[in-house]
Each structure stands twice: as C-alpha cells, then as structure tokens.
Amino acid sequence: MTRSTRRTIQQRPPAAIVVAGCVASALFVVPLLGLLWRTPWSRLIDLYTSDIVLDAIRISVITSIASAFLCVVLGVPLAWLLSRVEFRGRDILRALVTLPMVLPPVVGGAALLFAFGRRGIVGEPLDAATGFVLPFSIWAVIVANTFVAMPFLVVTVEGALRSLDGRHEAAAATLGASQLTVFRRIALPMISPSLRAGVVLAWARSLGEFGATITFAGSLQGRTQSLPLAVFVALESDRDAAVAISLLLVVVSFVVLVAFRDRWWTRV
Amino acid sequence: MTLDASFTARRSEVFDVSIDIDVARGTTTALLGPNGSGKSTIVSVLAGLLAIEDGHIRIGDKLVDAPSEGVFVPVAQRHVGVVFQDYLLFDKMNVLENIAFGPRAAGRVASDAKEIAQGLMEQFGLDSLADLHPPQLSGGQAQQVALARALAISPSLLLLDEPLAALDVATRSRFRRSLAEHLDSFDGARLLITHDAADAFLLAEQIVVLEHGRVIQAGSAEEIRRHPATPYVAALSGRNLLQATNTGGVLAVDGSDQLLQTWDTAASGAVLVSIPPSAIAVYTEQPHGSPRNTWATTVSAIEPLGDTSRVYVGAPLELSADLTPGAIASLRLEPGSSVWVSIKATEIDVSQA
Amino acid sequence: MLFGHRRVTHAKCADHDKLSESGVMRRLASILCIATLSVLGCAGNGASSDQDSQVSVFAASSLTDVLNDLVLIFEAKGNDVVLNFAGSSALREQIFDGADPDVFISANEVVMGEVIDAGEHFDDPVVIAENTMTIAVPVGNPAAIRGLPDFAEPSHTLGLCARGVPCGDLAAEVLAANDVVAQPDTLEPNVRSLLSKVEIDELDAALVYRTDIRASGDVEEILLEPGVGGRARYLAASASANDAASAFVEFLTSQEARVVLDEAGFVSP
C-alpha cells in the first residue's frame with residue numbers, strides 16, 4: 001500500500017483581513033505584555049504570601065466556587081424553563097436574565113442593595129424576622145457574583161437545550177420517563193459540554209467580578225475583599241501588589257480557558 | 001382488537017392525516033407510503049407526542065386519545081414501544097442501560113430493570129454488547145438494541161418507524177429476517193411504518209397504503225398485489241417476489257426450471273428473491289452480451305399504470321416489467337408477443353427465506 | 001450649588017469649539033484620551049500641550065464638583081480647561097506612566113511630594129484649600145452616632161475609605177491619634193461609594209470629608225469633637241514655564257475662587 005499524502009490547499013488570506021486581525025490581536029496581547037513588563041518579579045513571592053493577597057485568594061476561591069455552584073443549581077432549571085415551557089412573559093424574563101451581562105455591574109450592585117440591603121424591599125423584612133443582614137458579608141459577595149455570572153450559564157445552557165432537536169427526549173418519554181427524568185438523564189448529559197462551558201464561564205466571571213461586589217458587599221480584607229477588589233485598593237497604595245494580583249488573575253483565568261478550550265469550542 | 005385507531009390529526013395548516021386502522025393482537029400491519037404521506041404524523045399521534053383533532057385511539061382496552069370525551073393519555077403513560085427510524089439510542093448510556101431505561105423510568109429498582117434488560121439481550125443475542133455505547137454499534141446492532149429497548153417496557157403496541165431504512169442494502173435482508181422472528185415472539189399489536197414495499201410485503205399480514213394523509217388501500221398483501229388501487233400502489237407492489245434456492249450464486253426458482261444468477265451468496269439455501277419491475281429489460285430479439293439471466297418468453301398481459309405500463313410475461317417465470325408506453329409501441333408489444341427478457345444480476349435482491 | 005447649573009462634563013474644551021471638523025476631532029480626541037487615561041493611564045496627553053490656551057488639569061476626585069464650578073468661571077476668561085479626576089495616587093501613577101498634565105492638584109501632600117521628587121517638571125505647589133474630616137450618618141442618625149468612639153463599636157455598621165485613598169489615610173490618622181480601634185464593615189475605594197451607602201442607610205456612619213457631605217444632600221453631619229485633628233491640604237502645582245497653567249493655579253488661590261471653595265465646604269488655608 002502506498003501512503004497517502006495530504007496536500008494542504010489553504011489559500012493566502014487577504015492582506016486587509018490579516019492586518020485587521022493583527023490589530024485586533026494586538027489589542028489583547030499588548031496590554032498583557034504591559035502587565036508582564038510592570039510585574040515586580042523579584043517581589044512576587046513576598047507579595048503573593050502577604051496577608052492581603054492570601055486573604056483575597058481565600059475569599060475569591062470560596063465565593064467564585066460557591067457562586068458557580070449556585071449558578072448551576074438555580075440557573076440550569078431556569079434555562080430549562082426558558083427553553084421548554086411556554087409561558088406569558090417568557091421573552092421578557094429572558095431579557096431580564098441576560099440584563100446583568102450588559103448592565104454596568106455597579107448598577108447591579110446598587111439594585112441588589114435596594115433589594116437585599118438592610119433597608120431593601122426583601123432585606124428589611126429579612127432583617128426584622130431573622131436579624132440576618134446580607135451586605136458587607138461574604139454572602140453578599142456570593143450573591144453579587146451569582147447575579148453577574150448566572151446569565152452566562154443560563155444563556156449557554158438554554159441555547160444548548162434549544163438546539164437539541166428533542167427527539168431523544170421524546171424517545172425517552174415513550175419509554176415511560178417523566179419530564180424530570182428525561183431532563184436529568186437525557187437532556188442534561190446531551191448538553192454536558194455546554195453545561196461545562198457555562199460553568200467555566202460563570203466561574204470565571206465571578207472570579208473577575210468587581211463592580212457589583214464593591215457596591216453591594218463593600219470591601220474588607222478577610223471578609224469581603226476578593227482579588228479584584230484587592231487590585232483596586234492596591235492601585236491606590238501599592239502598585240506592585242496591584243500588578244502582582246492582576247497577573248495572578250490573568251494567569252488563572254487564562255489557564256482555565258485554555259484547559260477547557262477543547263471541550264468548549266470544538267464540541268459545543 | 002389491540003389497536004383501534006380512527007382519527008384526524010393535523011401537523012400544519014395545510015397538512016392533515018385522517019385514517020382508520022385496526023391491528024389485531026399478535027399480528028403485524030404495515031403502513032406503507034411515500035415520504036410526506038403522513039407516516040411520521042401517525043407515529044407521533046400513536047406514541048402520544050401529538051394530540052388528535054377528532055376521532056379516537058384505543059390501545060388494548062384503554063382509550064388513550066378521544067377529544068370528544070376529553071381523554072388524552074400523555075406519552076409517558078401510553079406504553080407504546082417505539083423503534084424510531086434512526087433508533088435514537090442514548091449515546092451517554094451503554095447498551096444495558098439503554099435497554100434498562102424504560103423499566104427504570106417505570107419505577108423498578110435497578111436490579112429488576114437490569115434483569116429485564118439482560119433477559120432481552122440474551123433473547124436478541126446482544127449479551128456481548130452490554131458495555132458498549134451506541135456510537136460503537138453497527139447499524140444492525142443498534143436496530144436490535146432499539147427493538148429490545150422498546151420491548152423492555154412490555155408495550156401493548158409496538159410501533160416500528162422505518163426500522164430497516166438506516167441499514168445498508170447488504171445487511172437489510174439479514175436484519176429483516178431477524179426482525180420478523182422478533183416480531184413473531186411479541187404478542188401485542190405491531191404497526192410497521194415503511195416506504196419500502198419489500199418490508200411491508202415480507203413482514204406484515206395486513207398492509208395499509210397511505211398517500212397524502214389518506215388511506216388509499218388496505219388489505220392483505222395478496223389482495224393489494226392483485227388489485228393495486230392506484231399507480232403508486234401498483235408500482236410498490238409490482239416488485240417480483242420469488243421463492244428460490246441459492247447454491248453458490250445460482251438461484252433455482254421454485255416451480256420453474258429457469259435458473260437465475262446472482263452475486264449475492266451471503267444468503268444460501270432457501271431464499272426470497274426480489275426483482276424490481278424496472279430491472280427487467282424486454283427485447284423482441286435475443287440480446288447480445290450477457291447470456292445469463294436471459295430467456296425467451298411471451299407477453300401475457302399489458303396494464304397501463306399512468307406514466308408507465310406494466311408488462312406481464314409468462315412461463316418459464318411469471319414476472320412483471322415496467323416499460324414506457326413509447327417503448328411498448330416501438331417494440332409492438334401486445335398480449336401473445338414473443339419476447340426476450342433480461343435481468344442484471346446486480347438487480348436481483350436475495351434474502352434468507 | 002453656586003450657579004445652579006447642571007453638573008458639567010469633564011471635556012470642557014468641546015463647549016467652546018465651533019462645530020468645525022477640527023473641533024469635532026479635538027472633542028473626540030479629548031473624550032477618548034480622558035476615557036483611556038482614567039482606565040489605563042495613557043502615554044502622552046494629546047489634548048493640551050499643543051495649544052497654549054488649553055489647560056489640562058489632573059485633580060483629586062474629591063474636588064470634582066467644586067472644580068467644575070471653578071472652571072466655568074475660569075473659562076469665561078478665555079481659556080479652555082480639560083479636567084481629569086481620580087484619586088491622587090491614581091493620578092500620580094498616570095503621571096509616572098507618561099501623562100503630562102499642565103496642572104496637578106493632589107489631596108495628599110505626600111503624593112505631591114513624590115511627583116515633584118520624581119523630577120516631573122512642576123513649579124512649587126501651593127495650598128489652595130483645606131478640608132476636614134467629619135462623620136456622615138443617614139438622615140435622622142438612626143444608630144445614634146455621637147462621635148469618633150462610636151467607630152470602635154462592633155454592633156454598628158461602619159464604613160471608611162480604604163488606605164491609600166486620601167480620605168482613608170486621613171481617617172486612619174485621625175482614629176489612631178485618638179486611640180480609637182475602628183471596627184469597619186467596609187473600606188471603600190472611594191468616597192462616593194462610601195457616602196452612597198450612608199445615604200441609603202446601609203451604613204450607620206462613615207468618616208468622610210466635610211466637602212463630600214456638602215455635595216451630598218442626603219446625609220447628616222456629626223462634627224468631630226474639637227481637637228481630634230483631621231485636616232487635609234489640597235496642593236496645586238503647575239507645569240514649569242506654562243503661563244496658562246500658572247494662571248489657573250493663581251486663579252484657584254484668588255478671592256473669586258475662595259468664595260466658591262468656601263461654599264462647597266472647604267476651609268481657607
């Protein structure tokens with residue numbers, strides 16, 4: 001047998017498109033180079049082991065994972081409702097759910113404060129009944145993160161559910177499976193690449209969340225100060241620390257996005 | 001009657017289906033029709049995925065859909081086993097889990113469901129495939145798993161939607177025969193939906209021919225073959241079916257001394273031979289070349305069928321061939337004409353009888 | 001507010017431009033550069049240096065309202081001013097990154113000193129105003145805050161500015177000088193976000209500048225006990241050999257400007 005050789009027949013791409021693509025790429029790459037250029041390499045270990053950074057890492061890890069979990073537990077059922085049940089106001093609800101994606105997060109934080117603050121429409125009765133006040137606690141960070149991150153999960157999962165043709169689900173129904181069983185055992189496994197992508201997106205969005213958190217939860221080292229908040233505060237006092245934390249956020253986010261790239265961009 | 005369905009259903013503004021079918025327990029009825037004739041709408045309706053507009057559907061002694069009485073049993077409670085056209089196996093589960101899915105969904109404990117699935121796999125000879133996932137199966141294996149999965153819920157009605165369409169021609173005959181066996185072992189009502197006349201004539205006792213959402217003819221295979229109600233039915237039923245014995249590619253046709261040659265040696269011994277009427281060429285003189293599968297005979301009858309006419313030839317083999325009226329005129333064919341017929345060996349479909 | 005006009009935007013230069021193409025372009029350039037500056041710290045300041053009559057001013061954000069008012073008066077004298085507000089330290093970083101303002105106004109003497117020491121070409125800074133710390137409480141003072149010692153009470157919900165932000169540094173200084181170990185629930189990166197939380201009664205009290213309270217109508221002020229300290233000095237420095245810049249700094253120390261500063265709650269130096 002002769003070995004077949006594969007000839008590539010890729011054409012030279014048009015110069016104008018290449019130029020525009022390079023400019024676009026530079027827009028992403030150059031700021032990262034700037035960050036690397038300003039990184040205080042010799043102080044890096046000291047900075048990363050400082051109390052402020054270690055506390056911020058702890059808060060960020062806890063809150064981003066907790067909110068990713070909440071996004072799944074609450075967001076997946078919402079995505080199912082939006083994709084599978086026809087009800088009045090569904091389009092409006094869908095728009096509302098995606099609103100945090102386009103809204104300045106600060107606006108979201110203010111809205112959360114008006115809702116769940118101790119003088120908020122829900123927060124005040126909650127305070128009166130239980131004495132529990134959400135703002136300035138780690139729970140507020142988790143709520144703020146979830147508020148901004150959940151749309152990414154809902155949009156991803158709902159899109160995946162809507163693009164399922166429904167025939168496998170119908171087949172499962174003919175076998176006697178209830179809607180819940182069909183969702184859990186058929187639809188969910190079928191959209192698992194999208195679900196994974198949605199979780200990663202939501203988690204990454206929580207990790208980088210700043211505006212809603214500072215507005216709703218405030219900023220206090222060891223309680224509510226996550227990495228992005230620490231960056232912002234450090235910018236005012238210790239720029240080396242700000243750059244070091246920024247670098248950490250960039251590296252972690254980048255590693256996660258690259259690690260999930262295959263499952264995400266090729267399979268979804 | 002195990003299936004008693006008489007209804008009108010609507011898929012869209014412009015397309016509705018209105019039929020009346022009865023299927024007795026332990027028998028197979030084929031619903032034969034071209035694409036767009038309303039077959040898939042009927043599958044949806046009977047499975048409970050689409051509600052009827054008018055009429056009633058009774059499965060066993062249970063009324064499952066009757067708008068006038070406000071009855072509609074949802075899909076999950078119908079107990080209609082469906083073998084879908086592309087099987088729709090669950091890729092994320094292995095074969096065992098696929099088959100056990102129905103019993104599990106019905107609330108049986110895992111061990112019971114597994115036992116039921118294992119029993120079926122044994123019956124279907126699928127034991128060795130238990131741990132495989134659907135993408136690893138061949139088309140024929142997937143079809144068997146789909147059938148076993150549908151039977152695992154002990155359905156009162158078995159719906160087979162084009163169960164052989166996804167298989168290639170080479171394996172279709174083999175699986176048609178195994179399907180026939182499995183159908184025989186299921187004692188509920190069987191409804192086979194197909195566009196392939198061979199499936200209908202070989203697997204079903206009763207045939208309902210569907211066109212544009214309406215039944216145009218119903219009856220036994222023999223009745224339909226003898227008296228096709230429309231050119232479509234005639235075209236479907238014109239396929240020449242012969243019983244024969246295959247010995248190394250040489251077919252000895254029962255009740256005739258004419259031998260036919262075939263390339264298909266997979267099915268040997270007693271076989272069923274199928275020859276489409278369009279595969280038979282008719283000449284007024286002995287054709288050159290291909291000496292095999294060519295013989296002299298006489299025209300016994302000519303029937304016009306719309307665009308074509310069907311020419312029947314007599315001894316040594318009674319066959320029908322489809323010719324255009326132009327060809328018939330230029331050959332000056334009429335009943336009693338002496339002709340030569342020729343059949344390409346590749347056009348002869350052989351399946352195990 | 002003194003003149004009762006709307007809050008003015010930062011890119012003042014555009015208001016006086018004819019709608020010529022160059023005017024539109026310049027307006028765009030100004031807006032883009034301000035936007036870029038405030039986010040990234042952009043290299044070079046394209047908005048000003050080529051034109052003598054236009055003065056680019058980097059100013060501490062606590063001066064936002066009062067400087068907008070003052071600039072209106074100054075511009076009536078025929079000069080354009082482009083304002084860029086941020087925390088003093090953030091402005092310092094922008095200057096170190098190559099931004100080249102004609103005037104730098106810091107709320108922090110140390111920051112100003114760092115900028116001068118780094119060899120940026122500014123004339124000696126002058127004090128243009130002083131500001132004092134005070135306690136902001138929600139209307140009605142629901143938590144009955146009386147003074148600085150209340151900041152050590154854990155049951156209160158309390159806010160301060162973060163360290164590194166002038167109001168935070170000054171608050172820390174004041175608290176330490178009075179031996180108060182504060183129990184804050186949040187250290188806000190800027191005074192506006194701190195005050196807004198007081199306004200809606202999510203915080204019982206916050207330590208802020210008096211001027212911040214003047215600008216926010218929705219909080220009450222509890223004056224610090226006399227003698228606890230807490231004064232901030234605003235210093236302005238103009239770029240060397242820049243007449244328009246020194247004219248602006250001179251204007252800020254004029255009697256005319258003082259009236260506006262006093263009205264906003266600043267104290268004369």
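This is a predicted model: local features need pLDDT of at least 70, side-chain atom pairs count only at pLDDT 80 or more; totals for chains, interfaces and linings use all residues.
The interface between chain C and chain A comes first. The size of an interface is often given as the accessible area lost when the parts come together. Here chain C and chain A bury about 1900 Å² between them. Of this area, 51% lies on carbon and sulfur atoms. Chain C brings 23 residues to the contact, and chain A brings 21 residues.

Between chain C and chain A, 13 residue pairs are in polar contact, with both residues at pLDDT 80 or more. Two elements of chain C, helix H3 (88-96) and strand S6 (186-188), each supply at least two residues to the side that touches chain A. The largest share of that side, 4 residues, comes from H3(C). By type, the residues on the chain C side divide into 10 charged, 8 nonpolar and 5 polar. The interface of chain C and chain A holds 7 salt bridges. One pairing between these chains joins Arg118(A) to Asp201(C), with the closest N and O atoms 3.2 Å apart. A network of salt bridges links Arg38(A) and Arg239(A) with Arg92(C), Glu93(C), Asp97(C) and Glu114(C).

Glu188(C) is buried, because its relative accessible area is 0%, and residues under 20% count as buried. The side chains of Glu188(C) and Lys197(C) are joined by a polar contact of 3.0 Å.

The largest nonpolar core has 69 residues. Leu67(C), Ile105(C), Phe151(C), Leu207(C) and Phe248(C) touch the most other members of this core. Residues up to four places away in sequence aside, Leu67(C) touches Ala59(C), Leu83(C), Phe85(C), Ile105(C), Phe248(C) and Leu252(C). A second, separate core has 46 residues, including Ala30(B), Ala142(B), Leu160(B) and Ala200(B).

Salt bridges were then searched over the whole structure. Side chains of opposite charge can pair when their charged atoms come close. The search finds 32 salt bridges over all chains. In one of them, the closest N and O atoms of Glu169(A) and Arg84(A) are 2.7 Å apart. Glu169(A) lies in helix H8 (residues 167-174) of chain A and Arg84(A) in helix H3 (residues 51-84) of chain A, so this pair ties together parts that are 85 residues apart in sequence. Glu169(A) is buried, at a relative accessible area of 11%. Arg84(A) is partly exposed, at 28%.

Another pair lies within a single helix. Arg94(A) forms a salt bridge with Asp91(A), and their closest N and O atoms are 3.2 Å apart. About one helical turn separates Arg94(A) and Asp91(A), because they are 3 residues apart in helix H4 (residues 90-102) of chain A. Arg94(A) counts as buried at 19% relative accessibility, whereas Asp91(A) counts as exposed at 56%.

A further salt bridge pairs Asp86(B) with Arg167(A), with closest N and O atoms 2.9 Å apart. Asp86(B) lies in the loop between strand S7 (80-83) and helix H2 (95-105) of chain B, and Arg167(A) lies in helix H8 of chain A, so this pair joins two chains. Asp86(B) is partly exposed, with a relative accessible area of 42%. Arg167(A) also counts as partly exposed, at 33%.

Conventions:
Residues are numbered from 1 along each chain as its sequence is written. Chains are lettered from A and ligands numbered from 1 in the order in which they are written. Side-chain values use heavy atoms; hydrogens and water are left out. Contact means heavy atoms within 4.5 Å. Buried area is the accessible area (1.4 Å probe) that two parts lose on being put together, summed over both. A salt bridge is a side-chain nitrogen of Lys or Arg within 4 Å of a carboxyl oxygen of Asp or Glu. A polar contact is a pair of N or O atoms within 3.5 Å; within protein, one must be able to donate a hydrogen and the other to accept it, and residues adjacent in sequence count only if both atoms are side-chain atoms. Ala, Val, Leu, Ile, Met, Phe, Trp, Tyr, Cys and Pro count as nonpolar, Asp, Glu, Lys and Arg as charged, and the others, Gly among them, as polar. A nonpolar core is a set of buried Ala, Val, Leu, Ile, Met, Phe, Trp, Tyr and Cys residues joined through side-chain atoms within 4.5 Å. Buried means under 20% relative accessible area, exposed over 50%, partly exposed in between (1.4 Å probe, protein chains only).
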